[in-house]
Amino acid sequence: MDLLDHPTYLGDLAAVGGLDLPWDQLKDATIVLSGASGMIGSFLVDVVMWRNRTHAMNCRVIAVARDKCRLETRFAPYLGDKNLQILVHDLGAGPLRLAEADFVFHAASNTHPVAYATDPIGTIVTNVQGTTAMLDLAVRAGARRFAFLSTVEIYGDNRGGTQRFTEKDMGYIDCNTVRAGYPESKRTGEALCQAYAIHHGLEVIIPRLPRVYGPTMKPDDSKALSQFLLKAVAGQDIVLKSEGNQFFSYQHVADVVGGLLTCVLLGEAGQAYNIAHPSGDILLKDLAVMVASSVNRQVVSELPSDTEKQGFSAATVAALEGSKLAQLGWEPLYDLRVGVERTLDVLQAMAPRG
């Protein structure tokens, strides 16, 4: 079954596409989106194309990513549609030259532990040089707004200073590690956004994402919850590679994209917004049990490989406080249990048989 044929996934798109937002801002606009084939980027494309079909929004999306085959496969149902243009480009290799861009979303990044450990240089380059390339594009094209998809990782480890990180808080990061390349380069990306805002008058918005899951995840995603879900789909026991005492924030990709659109269309220029809600906060070991129970399996322990350990976050408490975004009217569609169930429903239908 194709993702866009699954009723649960179509329900996710309709739920986000039906949010009470000023969608007229996107009417006849052009969106440039890096990382378009990723978990979040691809869902955003699907939402915009859903609105184009159901509300005649006529919003053009220029979907940018490095892998042509992945782009063409993921967006095969839209090939030939005037409102979607596929653009193959490596942001770390040079500037992106486009004449038109009303909204620019920079979502390209390595986003899971194995990638941080095996491609640390590429992680930093995409988050620094890639962000610079997208900011330059936004300035040249006279974009109305630039959205830099940041992360809970910029906060580091909460060492008891606060229960949940607000947008003004900051935890601890040991910068003298390979793993630090991801959060430190994301911090640099945020600083670049503020520099461009001051120097070029560019309106920037910085949504800070929690740990994200959903049916658009890639099969090589090595994040803990993604691995839990893949094991569940395969009918296997859930493997926990730590004691599981990490307390983190999680949100379904539909809620993250809904929060992202809320930030861009309603947020104050120059501000950062945590996309999070208490219903998504949980200990990792409890999350493993939740996923296991949903498929009648058990949680088993296993030692991580050396590569996996290099990519693991050192944070043990890194939950987000989301009231700033809630003041804009955002609230999640799904709590964690419902979001996991909906994700498994789609992934199980799409899994290869035999």
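A crossing is right-handed if the near helix is turned clockwise from the far one by less than a right angle. The model I examined is a predicted one.

**Entry 1: helix 7 and helix 9**

I looked up how helix 7 passes helix 9, and the crossing is right-handed. Helix 7 covers residues 224-233, and its axis comes within 10 Å of that of helix 9, with a crossing angle of roughly 20°. Angles under 35 degrees count as roughly parallel, and helix 7 and helix 9 are therefore roughly parallel to each other. I then asked which residues meet between helix 7 and helix 9. On the side of helix 7 I noted Ala-224, Leu-225, Phe-228, Leu-229 and Ala-232. On the side of helix 9 I noted Leu-284, Leu-287, Ala-288 and Val-291.

**Entry 2: helix 9 and helix 12**

I stayed with helix 9 and turned to its packing against helix 12. Their axes are 11 Å apart, and the angle is about 45°. Helix 9 and helix 12 are therefore oblique to each other. Helix 9 passes helix 12 in a right-handed crossing. From helix 9, the contact is made by Leu-287, Met-290, Val-291, Ser-293 and Ser-294. From helix 12, Leu-336, Arg-337, Val-340 and Leu-344 take part.

**Entry 3: helix 5 and helix 6**

Next I examined helix 5, residues 120-141, which packs against helix 6 with the axes 8 Å apart and an angle of about 20°. Helix 5 and helix 6 are therefore roughly parallel to each other. The crossing of helix 5 past helix 6 is right-handed. Among the residues of helix 5 in this contact I listed Thr-123, Ile-124, Asn-127, Val-128 and Leu-135. Among those of helix 6 I listed Gly-181, Tyr-182, Leu-192, Cys-193 and His-200.

**Entry 4: helix 1 and its cover**

Which residues of helix 1 are buried? In helix 1, residues 7-17, I found Thr-8, Tyr-9, Asp-12, Leu-13, Val-16 and Gly-17 to be buried. Their cover includes helix 2, helix 3 (68-74), strand 10 (247-252), helix 8 (253-266) and helix 12 (336-350).

I looked up Met-49, which is placed in helix 2. Is Met-49 buried or exposed? Its relative accessible area is 3%, so Met-49 is buried. Leaving aside residues up to four places away in sequence, Met-49 touches Tyr-78, Asp-81, Asn-83 and Leu-84. The C-alpha atoms of Met-49 and Asp-81 are 9.5 Å apart in space, while the two residues are 32 residues apart in sequence.

I then turned to Asp-90, in the loop between strand 3 (84-88) and strand 4 (103-106). Asp-90 is partly exposed, at a relative accessible area of 35%. Asp-90 and Met-39 are 51 residues apart along the chain, and 18 Å separates their C-alpha atoms.

**Entry 5: aromatic rings and charges**

How many aromatic pairs are there? The count comes to three aromatic pairs. One of them joins Tyr-155 and Phe-165, whose ring centres are 4.8 Å apart and whose planes are at 10°, so the pair is stacked. Both Tyr-155 and Phe-165 lie in the loop between strand 6 (150-151) and helix 6 (181-200), so the pair ties together parts that are ten residues apart in sequence. Tyr-155 is buried at 0% relative accessibility, and Phe-165 is buried at 1%.

I also recorded two charges over rings. The charged end of Arg-211 sits over the ring of Phe-248, 3.5 Å from the ring centre. Lys-324 lies over the face of Tyr-273, 4.9 Å from the ring centre.

**Entry 6: positive phi angles**

Last, I looked up two asparagines. Asn-58 is not a glycine, yet its phi is positive, at about 55°. Asn-58 is found in the loop between helix 2 (39-55) and strand 2 (60-65). With a relative accessible area of 29%, Asn-58 is partly exposed.

Asn-296 also has a positive phi, near 55°. I located Asn-296 in the loop between helix 9 (284-294) and strand 13 (299-301). Exposed means over 50% relative accessible area, and Asn-296, at 72%, is therefore exposed.

Conventions. Residues numbered from 1 in each chain as written. Predicted model: local features only at pLDDT ≥ 70, side-chain atom pairs only at ≥ 80, totals over all residues. Heavy atoms only, no water. Helix = DSSP H or I, 4+ residues; strand = E, 2+ residues; numbered from the N terminus. Buried < 20%, exposed > 50% of the residue type's maximum accessible area, 1.4 Å probe, protein only. Phe/Tyr/Trp six-rings, centres within 6.5 Å; stacked < 30°, edge-to-face > 60°. Lys NZ or Arg CZ within 6 Å of the ring centre and 35° of its normal. Axes fitted to C-alpha atoms, helices over the stretch in contact; angles between N-to-C directions. Parallel < 35°, antiparallel > 145°, perpendicular 65-115°, else oblique. Contact = heavy atoms within 4.5 Å.
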